[in-house]
Amino acid sequence: MGEKPRDLAWFKGEAADKAITAIWKAADEIGGNEGRYLKLLLLTGKRPWGRENGVGLGAMRWDHITSDWFWAAPPSKVRNKRLHGVPLPDLAQRVLHPRQAEGYVFGDIDDKKLKQAVRRLTGIKDFVPHGIRHLVETKMQELRDEQGRSLILDHMRDLLLDHASERGAGKGYAHHDYKPEMRAAMEAWAKYIEQLVQPAEGVVRLR
């Protein structure tokens with residue numbers, strides 16, 4: 001993509017909530033593959049596009065999604081980039097319905113045109129798709145339960161968002177796949193998004 005967003009205003013706090021709502025609404029207006037792609041960027045926090053090197057959301061294939069909706073991404077083709085497998089929450093499943101047997105989940109996406117469309121529809125003049133990763137990481141870090149405890153811990157965000165773990169030699173002794181914890185984290189994040197984007201009258205637009 002060639003764009004490296006820094007600390008933009010819409011990455012955190014109330015501004016991020018408004019951005020999520022605006023981007024989701026824009027996805028509804030855009031529709032089709034582009035709209036579903038935008039919603040999955042918000043729901044997964046994965047790198048945008050990436051079909052050419054296998055490290056982004058554009059590389060998602062139906063035949064890589066297991067029967068229990070775990071996206072078992074193949075190893076990255078780029079040495080310094082990761083693409084960890086992740087469970088797709090119920091909201092993502094509804095966005096992607098109906099399920100297909102094979103092929104790429106998203107058709108060809110014109111990333112430049114999509115960026116301009118989102119800027120026009122949301123009023124976020126400095127919007128770039130990669131900025132959604134900053135937003136997701138930050139908002140996941142902000143999420144708290146009723147006791148004020150973090151809902152999605154640092155090491156879990158590393159797994160979900162394809163970052164290198166900061167653990168030392170001890171990680172070589174851990175053989176748990178963390179799938180239950182990852183699924184719980186993704187559902188918590190999807191629930192947060194759903195609460196933001198559903199219309200006040202209670203008619204949820206999830207297409």
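**Helix packing in a predicted model**

Student: How do H5 and H7 lie relative to each other?
Tutor: H5 and H7 are roughly perpendicular to each other. That term covers angles of 65 to 115 degrees; under 35 is roughly parallel, over 145 roughly antiparallel, and the rest oblique. Helices here are DSSP runs of H or I, at least four residues, numbered from the N terminus. This is a predicted model: local features need pLDDT of at least 70, side-chain atom pairs count only at pLDDT 80 or more, and totals for chains, interfaces and linings use all residues. Residues are numbered from 1 along each chain as its sequence is written, and side-chain values use heavy atoms, with hydrogens and water left out.

Student: What's the angle for H5 and H7?
Tutor: About 100° between H5 (residues 131-142) and H7 (residues 179-197), with axes 11 Å apart. Axes are lines fitted to C-alpha atoms over the stretch in contact, and angles run from 0 to 180 degrees between N-to-C directions.

Student: Which residues meet there?
Tutor: Leu135, Val136, Lys139 and Met140 of H5 meet Met186, Trp189 and Tyr192 of H7. Contact means heavy atoms within 4.5 Å.

Student: What about the confidence?
Tutor: The chain averages a pLDDT of 88, and 89% of the residues score at least 70. pLDDT is the predictor's confidence in each residue, from 0 to 100. Over residues 200-207 the pLDDT is below 50. Where pLDDT is low, the predicted coordinates should not be read in detail.

Technical notes
Helix = DSSP H or I, 4+ residues; strand = E, 2+ residues; numbered from the N terminus.
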